[in-house]
Amino acid sequence: EAWFGTSDSDPRSFPQTILSRTTSTTLQFPSVPNNDYLIEYSDDMQTWTPYIFTATGASSLWTDLDAVKKTSRFYRVGIP
């Protein structure tokens, strides 16, 4: 059984994300080191652009440098 959370052994452990927007947009989320995560972003919630990210620690940061040019952008994080 697999689930997306902050623990490989506790299915009740749910991620909480933090999104900050200054000169770039940064997504921060809890992670399990060496696990792969699928980050997807969209400007219209119809077409999603995927990015595979390998976590290096218990908390991961991913920066979207192109997002500051957008009036809105949507994100989702999952497991590939």
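User: What share of the 80 residues in the protein chain do buried residues make up?

Analyst: Buried residues account for 32% of the 80 residues in the protein chain. Buried means under 20% relative accessible area, exposed means over 50%, and partly exposed lies in between, with a 1.4 Å probe and protein chains only. This is a predicted model, in which local features need pLDDT of at least 70 and side-chain atom pairs count only at pLDDT 80 or more, whereas totals for chains, interfaces and linings use all residues. Residues are numbered from 1 along each chain as its sequence is written, and side-chain values use heavy atoms, with hydrogens and water left out.

User: How many helices and strands does the protein chain have?

Analyst: The protein chain has zero helices and six strands, so its elements run β-β-β-β-β-β from the N terminus on. Both kinds of element are DSSP runs numbered from the N terminus: helices are H or I with at least four residues, and strands are E with at least two.

User: What makes strand β3 and strand β4 a pair?

Analyst: Two strands pair if DSSP finds at least two bridges between them. Strand β3 (residues 36–42) and strand β4 (residues 49–54) have six bridges, in the antiparallel sense, and therefore count as paired. Within this pairing, I39 stands opposite Y51 in β4. The two strands form a hairpin with six residues between them, and M45 in the turn has a positive phi of about 60 degrees.

User: Why is D64 called buried?

Analyst: D64 has 6% relative accessibility, so D64 counts as buried. The residue is in strand β5 (residues 59–64).

User: Which residues is D64 in contact with, leaving aside its neighbours within four places in sequence?

Analyst: D64 is in contact with S24, T25, Y41, R73 and Y75, where contact means heavy atoms within 4.5 Å.

User: What makes the link between the side chains of Y75 and D64 a polar contact?

Analyst: A polar contact is a pair of N or O atoms within 3.5 Å; within protein, one must be able to donate a hydrogen and the other to accept it, and residues adjacent in sequence count only if both atoms are side-chain atoms. The side chains of Y75 and D64 are joined at 2.8 Å, and this link therefore falls within the limit. The side chain of D64 also reaches the backbone nitrogen of D66 at 3.3 Å.

User: Why does Y75 count as buried?

Analyst: Y75 has 19% relative accessibility, and so counts as buried. Y75 lies in strand β6 (residues 74–78). Y75 and E40 are 35 residues apart in sequence, yet 5.7 Å apart in space, C-alpha to C-alpha.

User: How many aromatic pairs are there?

Analyst: The count comes to five aromatic pairs. Rings of Phe, Tyr and Trp (its six-membered ring) pair if their centres lie within 6.5 Å; planes under 30 degrees apart count as stacked, over 60 as edge-to-face and the rest as tilted.

User: Why is the pair of F29 and Y37 called edge-to-face?

Analyst: The ring centres of F29 and Y37 are 5.5 Å apart and their planes stand at 65 degrees, so the pair is edge-to-face. F29 is buried, because its relative accessible area is 1%, and Y37 is buried, because its relative accessibility is 2%.

User: Why is the pair of Y51 and W62 called tilted?

Analyst: The centres of the Y51 and W62 rings are 5.7 Å apart and their planes are at 40 degrees, so the pair is tilted. The pair links distant parts of the chain: Y51 in strand β4 and W62 in strand β5, 11 residues apart. Y51 is partly exposed, because its relative accessibility is 39%; W62 is buried, because its value is 9%. Together with Y41 and Y75, these two residues form one aromatic cluster.

User: How do you know that the charged end of R76 sits over the ring of W48?

Analyst: A charge sits over a ring if NZ of Lys or CZ of Arg is within 6 Å of the ring centre and within 35 degrees of the ring normal. The charged end of R76 is 3.8 Å from the centre of the W48 ring, and so lies within the distance limit.

User: Which residues make up the largest nonpolar core?

Analyst: The core has 10 residues in all: L27, F29, V32, Y37, I39, F53, A55, W62, A67 and Y75. The elements that give two or more residues to this core are β2 (25–30) and β3. A nonpolar core is a set of buried Ala, Val, Leu, Ile, Met, Phe, Trp, Tyr and Cys residues joined through side-chain atoms within 4.5 Å.
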